[in-house]
Protein chains: 8
Amino acid sequence: DRRGIPEAILAEGKSVEQVVTLAETALETTDRALLTRISDRQYRTLASSLEESAPDATLERRGSTVRVYTPAHEPPTLEATVGIVTAGAVDEGVADEAHVVCADAGATIDRVDDIGVAALDRTLDQVDRLREADVLIVAAGREGALPTVVAGLVDTPVIGLPVSSGYGHGGDGEAALAGMLQSCTVLSVVNVDAGFVAGGQATLIARAIDAARN
Amino acid sequence: DRRGIPEAILAEGKSVEQVVTLAETALETTDRALLTRISDRQYRTLASSLEESAPDATLERRGSTVRVYTPAHEPPTLEATVGIVTAGAVDEGVADEAHVVCADAGATIDRVDDIGVAALDRTLDQVDRLREADVLIVAAGREGALPTVVAGLVDTPVIGLPVSSGYGHGGDGEAALAGMLQSCTVLSVVNVDAGFVAGGQATLIARAIDAARN
Amino acid sequence: DRRGIPEAILAEGKSVEQVVTLAETALETTDRALLTRISDRQYRTLASSLEESAPDATLERRGSTVRVYTPAHEPPTLEATVGIVTAGAVDEGVADEAHVVCADAGATIDRVDDIGVAALDRTLDQVDRLREADVLIVAAGREGALPTVVAGLVDTPVIGLPVSSGYGHGGDGEAALAGMLQSCTVLSVVNVDAGFVAGGQATLIARAIDAARN
Amino acid sequence: DRRGIPEAILAEGKSVEQVVTLAETALETTDRALLTRISDRQYRTLASSLEESAPDATLERRGSTVRVYTPAHEPPTLEATVGIVTAGAVDEGVADEAHVVCADAGATIDRVDDIGVAALDRTLDQVDRLREADVLIVAAGREGALPTVVAGLVDTPVIGLPVSSGYGHGGDGEAALAGMLQSCTVLSVVNVDAGFVAGGQATLIARAIDAARN
Amino acid sequence: DRRGIPEAILAEGKSVEQVVTLAETALETTDRALLTRISDRQYRTLASSLEESAPDATLERRGSTVRVYTPAHEPPTLEATVGIVTAGAVDEGVADEAHVVCADAGATIDRVDDIGVAALDRTLDQVDRLREADVLIVAAGREGALPTVVAGLVDTPVIGLPVSSGYGHGGDGEAALAGMLQSCTVLSVVNVDAGFVAGGQATLIARAIDAARN
Amino acid sequence: DRRGIPEAILAEGKSVEQVVTLAETALETTDRALLTRISDRQYRTLASSLEESAPDATLERRGSTVRVYTPAHEPPTLEATVGIVTAGAVDEGVADEAHVVCADAGATIDRVDDIGVAALDRTLDQVDRLREADVLIVAAGREGALPTVVAGLVDTPVIGLPVSSGYGHGGDGEAALAGMLQSCTVLSVVNVDAGFVAGGQATLIARAIDAARN
Amino acid sequence: DRRGIPEAILAEGKSVEQVVTLAETALETTDRALLTRISDRQYRTLASSLEESAPDATLERRGSTVRVYTPAHEPPTLEATVGIVTAGAVDEGVADEAHVVCADAGATIDRVDDIGVAALDRTLDQVDRLREADVLIVAAGREGALPTVVAGLVDTPVIGLPVSSGYGHGGDGEAALAGMLQSCTVLSVVNVDAGFVAGGQATLIARAIDAARN
Amino acid sequence: DRRGIPEAILAEGKSVEQVVTLAETALETTDRALLTRISDRQYRTLASSLEESAPDATLERRGSTVRVYTPAHEPPTLEATVGIVTAGAVDEGVADEAHVVCADAGATIDRVDDIGVAALDRTLDQVDRLREADVLIVAAGREGALPTVVAGLVDTPVIGLPVSSGYGHGGDGEAALAGMLQSCTVLSVVNVDAGFVAGGQATLIARAIDAARN
Ligand SMILES: Nc1ncnc2c1ncn2[C@@H]1O[C@H](COP(=O)(O)O)[C@@H](O)[C@H]1O
Ligand SMILES: Nc1ncnc2c1ncn2[C@@H]1O[C@H](COP(=O)(O)O)[C@@H](O)[C@H]1O
Ligand SMILES: Nc1ncnc2c1ncn2[C@@H]1O[C@H](COP(=O)(O)O)[C@@H](O)[C@H]1O
Ligand SMILES: Nc1ncnc2c1ncn2[C@@H]1O[C@H](COP(=O)(O)O)[C@@H](O)[C@H]1O
Ligand SMILES: [Mg+2]
Ligand SMILES: [Mg+2]
Ligand SMILES: [Mg+2]
Ligand SMILES: [Mg+2]
Ligand SMILES: [Mg+2]
Ligand SMILES: [Mg+2]
Ligand SMILES: [Mg+2]
Ligand SMILES: [Mg+2]
């Protein structure tokens, strides 16, 4: 694992065969594999192929992100909590990518869904909980206002994760990205739908905090 | 006045002489004049020229927007309140444009400055007050999140007014405009820095409410 | 209903099962449901599922927007008229979204189709009728000139609704949106194809006028 | 003159000396010169230099476009009328460029100013007159709706000339250009502020009609 | 026919049934119909439906543009030639749209294909022929240089027609459009792939020349 | 100080008087002030004004960022190192903004200038040193490749800071921003020239590490 | 072959029949054919058709680029080496296009895959080899940093070839293109995915060197 | 000199003092200096300062590019010719930058000005001469068609150099850049106004040819 960020196989744009081969090779050589943006069809073929080739492997799927490991895999642990927050249902798939990356790296995950600013009391209700995380990933689409609002309420570093929802002008995540870059509270940002990158950056921060704690 | 929206003279891009002539003509023919985006130099020349040509005229300046009227002018009144809200100091000039338009049309103005979402309790503190307006103009630059947050807290129609602050990607008001167009709470929008248009649209709504009340 | 704007289920991008479940849950808990951007397949499955689960429910479909309610639903009424205007046939689906939202909120709808500026006498013929609405939504694609022309002819607040027609440079509604934002008559705007938002904003204005009348 | 379109010297971006030299050379070799986008300072120096070098030359200035010719110049004439229309005062400078080009080529010019669509009866009042031109140039900024409206009312070829007015999104003539390209009535377009090109294209059409007439 | 430009039915985005109904209605009421952007499937159904409903009608197809007329149709004629030029094979479909519009309006068409500037002697070989047209439509994709080069070689008005070929930056016709707008020889332009508009504008010019000749 | 990030006065766009007043007020109430994007003229006036009003205050200037504090100010300290890296001389001013923010918050700064990838051995020479920081800010303009290269060589969280250098396509920092968002190594990003935001985010991470250490 | 760059058939967007006809015609008249962006289905049909029509022809496929020649073809040779470098697996298809063009023109190819800057020692390991080429094509997607890094390490002319990988802002090769245009080391660039153009330009340089050597 | 491309000092954006210091240091350490984008004021101060500090140095100025060397400088020579071509007067300054870079590296320069495609016979008249260069730089603004046309007429590698002329849509060199990237003849491109990069790339090619010749 480079920098403690799990290597991942980007399933999107690969054939079912390529995905299975890459996953099985990863499993054989490292006892684990992480796949992002996997389709239903890719997942089903992978699962049934693994029943043959690696019958004792565990598969964990979260949205379109999948983690596989054998009993030989010794999962790392980090003494650090990553809060992963979504504004709405549409943001969950992208947040899942970050979720699995951080979980696989051993961080504790505190997942808080559906607290977008259109219904602000749902946001405010979670502030105390959000303050307890060591680092926060906040995923939001359309106008992407949630990271700004959250960052104004906590002392924690916030990573804004724009999501490609929305239609018309500024759709496909461009308004959310631009808004997070213009945020009047301090935060840093990753590209639209880059859940993997957000998870990786949160992992690096969590590792630094874990190292400082131990 | 077309549609009850005061005719205005856009001073920006005009010579000092043109501005003075246009204002004096308006004053002679309609007993009033409204000037937007006036520079210090244009204002000073206008003021001293009016001392000669219209010594009994009243000049009211708010930011770079100026209203002039003679004693003959009978100001209209509307039984309706326009709330005008700004996120930060940088938004005030644009909001002033809307302010003067609505005031000149006879609406009651409730002005609430500097309640941007970076310090959310300042926003929340004003909610009760904002709920009392008949229509709200919410001016915000950078990521322009304030109209979304306000619209989620009130029952009133909200007009988002993006302001050309911010630098880098999405600067000059483009992120704010795109964010307001993508807003996950219902609102309508005017162009970047279009305080005059926001004020005009709020005036039309205030007039409809005034007519319904009377 | 938040702010008197009916909650809606955005069917686009959801599975048939999700749509049916969300609609049936809404119906059970609130005696009504409103669905936007529903496909033929989603609609057919919903209709036949409701025959079982809610045999006495009424389904009303207008374009790809659907309204369902049980006999227990007491429809609200607003003493206010929303004029909904389209430039051409291609704009009707987006206008329908606004139409159903306002109708569901209890407003009287005056619908005027196909009066785009290419054949200006069709526009002019309707002016008297348009003047009678309390608020107007004007939907137009391509160059989106109709809201500007209409707003120049009436005293009513106009909401410009750009539609994603047109190909080439400025296609997909971008020219229409930019033109409405640049309009030389006063109007406010919603995003491209945002019929739901236009309908919501018109509803808020109609409610304010209804309240003032009553 | 290439294609019967007068050669022009684009003064913008040239030094006063370059402008004077180029104009005097043109005058010596062809008995005439046409200069576009000339500044006040460039104009004054040119005028006083010509008093020396070509005391019998005639200078005609229209906006920032200047035409100079000596008594030896035999102006061409075309039996064809170019209608040149502007939406508002801000469009006149760009229209002047087209005006001088067509006039210099010998066309009859019918100039109609300030009939933008915000006050539609001013547009409609001029329709009969516009129908009499052989070709029309219609200059408009902001949302640029006037060429669409005019082209829907006449049988004449219309050249849309977008003008770089407007601020915010779609400002600097981009909304006007995109709108004219998307126009739902048939017209062709030149670039933003390209009065010279519009005048040149109208001249080519006027020459073809003149040739057909003679 | 408005302005002598044939009314056309844009088949793209319509169902097979809509296309057939619109075409049959046009045929019944005006003895002719013109359809653009028709698919193979739409065409086949239209053709077999017309065998029933209008067995004596003539169908002419050119690319994806189709012209239908009954024996009762009296085709107009114009004493004017429209030259229609393409840079390469990929531009022919868009040029066909213009071709059928002008032909249907009665103009003589001189069609010159595949003379793009990459093989400049093919362009130069056709110059004498191009000079004989009364108006030229020049279709080109990718960098769209052909209209500039042609307009530098002829005295005729040239309408640039950008085509949505090309990939990468400036693809989909945007580079061609921008290049034609920036052309250093005089020409006017229509939107990307707007063969119908180019044909309409050429028809208007051809009609003016025809009128002047007769 | 919100979140431990020093409050800053953005001098750009403010008058000399406003800057002096804001700085003196901050000094009086909090014993310190931090000013970003200060001009020479603003600085000189501030310095001489402070000689009167706060003769025992210390002024530290780094590029266009200035820190002032009185003897009463007790500077915080953080047990954490922020590495601040620039690709070239042109990036130093923006990096200085981050530098002063982090220094003012009490972090140890390790500043490494001019190691852009055009001369890769200068980059490689510094790798060991860069590995010792707890968090890295990497500022780069033009193509902005340095953060990607650095992030591939260290285990530390990297914040990419795009700088508005470069001309032509992708200039003004847009290429650098897009490149960092697309980076094939994990990093997070702030807006173009947002040195203040990068410094703030690094401070938040440094504080979390400091807290974990103590 | 124009300029010694092999004529190629762009299979993308053509029907299977068109591709086969064009290839067989080329083979008959010139004893060779080169096809780019060929699909599996197009390839299979071509291969089986050639078994009939040209049974002694040789087919060479590299990614989606195919080269066919008969025994009568006398392949050219160039005394020059083109280095073709890719950053990652996703760039190989585009690089293949360049590869086949240069190989077909007779250059020696040195192909070096998967040395992107995320794992910089893989890049550095190849420097000596890269220095031996006469001209280099460097293909990279996402942030496109590899050509900059390579050009800083060699004395050879480098042609940057941006690849349309990446998602979100700057995706589809736009960040890579902008980055290469902004490169702080000297290189020239071709459009996104323009492997054919990169190969053609490298061929022209290789031919010039070959001519100088012989 | 890295890669045989002369180190250059970009004077733009530097103070007069910085420019003089950098130039004098370069002269002292390497006996030569090359400055690009120098202003008149910077040049005059440099010239008079050098009269003191380096009285025997030679200054050569071409447009805003300046080359200085002492008698101790042994200028390199390359047995290779770089053709430098401009479309119009406005392109000469940018071409000068390339010119001086190549000349300073020892290449023979063949400079051909003002042969843009609007007057195609001027282009065609120079073809034989252009064919004799070893590599060509072709600078063009507005629609940037000249490199495409030239590359279609010669066997030589062509580097397209877009120039930031033109106004309106596609102005500032963007249309020229996009057109060159879309060119239907093979060429490679540098960024808008990047005369230094074009000259550097041509130098690398000229050096490779010189090496092959010797
Ligand atoms: N969803 C994702 N977004 C961005 N990068 C990813 C994603 N999934 C995997 N990666 C990265 O891409 C690399 C795998 O790419 P590949 O070799 O194409 O499977 C991994 O090493 C990760 O660094
Ligand atoms: N067509 C639409 N456009 C914009 N917003 C919509 C639309 N339809 C529904 N909505 C909003 O989206 C919310 C439903 O989203 P969802 O939870 O994804 O079904 C509703 O509460 C509406 O506020
Ligand atoms: N305002 C203008 N817009 C576009 N082209 C112009 C304009 N004025 C002059 N031109 C053209 O530019 C050429 C003169 O350019 P120049 O040699 O720079 O003076 C003339 O031959 C005209 O074709
Ligand atoms: N260079 C900067 N970039 C971004 N934000 C800044 C910068 N300098 C100061 N700020 C922020 O802007 C606020 C000050 O704004 P103002 O009230 O206009 O002085 C501070 O509280 C900071 O959060
Ligand atoms: Mg959101
Ligand atoms: Mg804001
Ligand atoms: Mg329209
Ligand atoms: Mg207009
Ligand atoms: Mg072309
Ligand atoms: Mg850099
Ligand atoms: Mg890359
Ligand atoms: Mg050019």
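Two strands count as paired if DSSP finds at least two bridges between them. Helices (H or I, at least four residues) and strands (E, at least two) are DSSP runs, numbered from the N terminus. In this predicted model, local features need pLDDT of at least 70, side-chain atom pairs count only at pLDDT 80 or more, and totals for chains, interfaces and linings use all residues. Residues are numbered from 1 along each chain as its sequence is written, chains are lettered from A and ligands numbered from 1 in the order in which they are written, and side-chain values use heavy atoms, with hydrogens and water left out.

## Strands in chains G and H

In chain G, strand 1 (residues 9-10) runs parallel to strand 2 and is joined to strand 2 by 2 bridges. G:Leu10 stands opposite G:Thr36 of strand 2. Together with helix 1 (residues 16-30), strands 1 and 2 of chain G make a right-handed β-α-β unit. Right-handed here means that, with the strands pointing away from the viewer, the path from the first strand over the helix to the second runs clockwise.

Strand 2 of chain G also pairs with strand 4 (residues 65-69) of chain G, in the antiparallel sense and over 4 bridges. Within that pairing, G:Leu35 has G:Val66 as its bridge partner. Strand 2 (residues 32-36) of chain G is mostly covered, with 5 of its 5 residues buried. Buried means under 20% relative accessible area, exposed over 50%, and partly exposed in between (1.4 Å probe, protein chains only). In a regular strand the side chains alternate between the two faces of the sheet. In strand 2 of chain G, G:Arg32, G:Leu34 and G:Thr36 point one way, while G:Ala33 and G:Leu35 point the other way.

In chain H, 4 strands form an open sheet of mixed pairing, in the order 1-2-4-3. Strand 1 (9-10) and strand 3 (58-62) of chain H are at the edges with a single partner strand each, so one side of each has no neighbour in the sheet. Strand 3 of chain H pairs with strand 4 (residues 65-69) of chain H in the antiparallel sense over 5 bridges. H:Arg61 has H:Val66 of strand 4 as its bridge partner.

## Interfaces of chain E

Contact means heavy atoms within 4.5 Å. Buried area is the accessible area (1.4 Å probe) that two parts lose on being put together, summed over both.

About 2,600 Å² is buried between chain E and chain D, 57% of it from carbon and sulfur atoms. E:Arg3, E:Leu181 and E:Val186 supply 27% of the area that chain E buries against chain D, more than any other three residues. The interface of chain E and chain D has 14 residue pairs in polar contact (both at pLDDT 80 or more). A polar contact is a pair of N or O atoms within 3.5 Å; within protein, one must be able to donate a hydrogen and the other to accept it, and residues adjacent in sequence count only if both atoms are side-chain atoms.

Towards chain H, 26 residues of chain E are in contact with 26 residues of chain H. This pair of chains buries about 2,100 Å², 63% of it on carbon and sulfur atoms. Helix 7 of chain E gives the most, with 5 residues.

## Salt bridges

A salt bridge is a side-chain nitrogen of Lys or Arg within 4 Å of a carboxyl oxygen of Asp or Glu. The structure holds 104 salt bridges over all chains, with 0 between chain E and chain D and 0 between chain E and chain H.

| Pair | N to O distance |
|---|---|
| A:Arg61 and A:Asp40 | 2.8 Å |
| E:Arg131 and E:Asp128 | 3.6 Å |
| F:Asp134 and F:Arg213 | 2.8 Å |

In the chain F pair, F:Asp134 is buried at 14% relative accessibility, whereas F:Arg213 is partly exposed at 32%. In the chain E pair, E:Arg131 and E:Asp128 are 3 residues apart in helix 5 (residues 127-131), so about one helical turn separates them.
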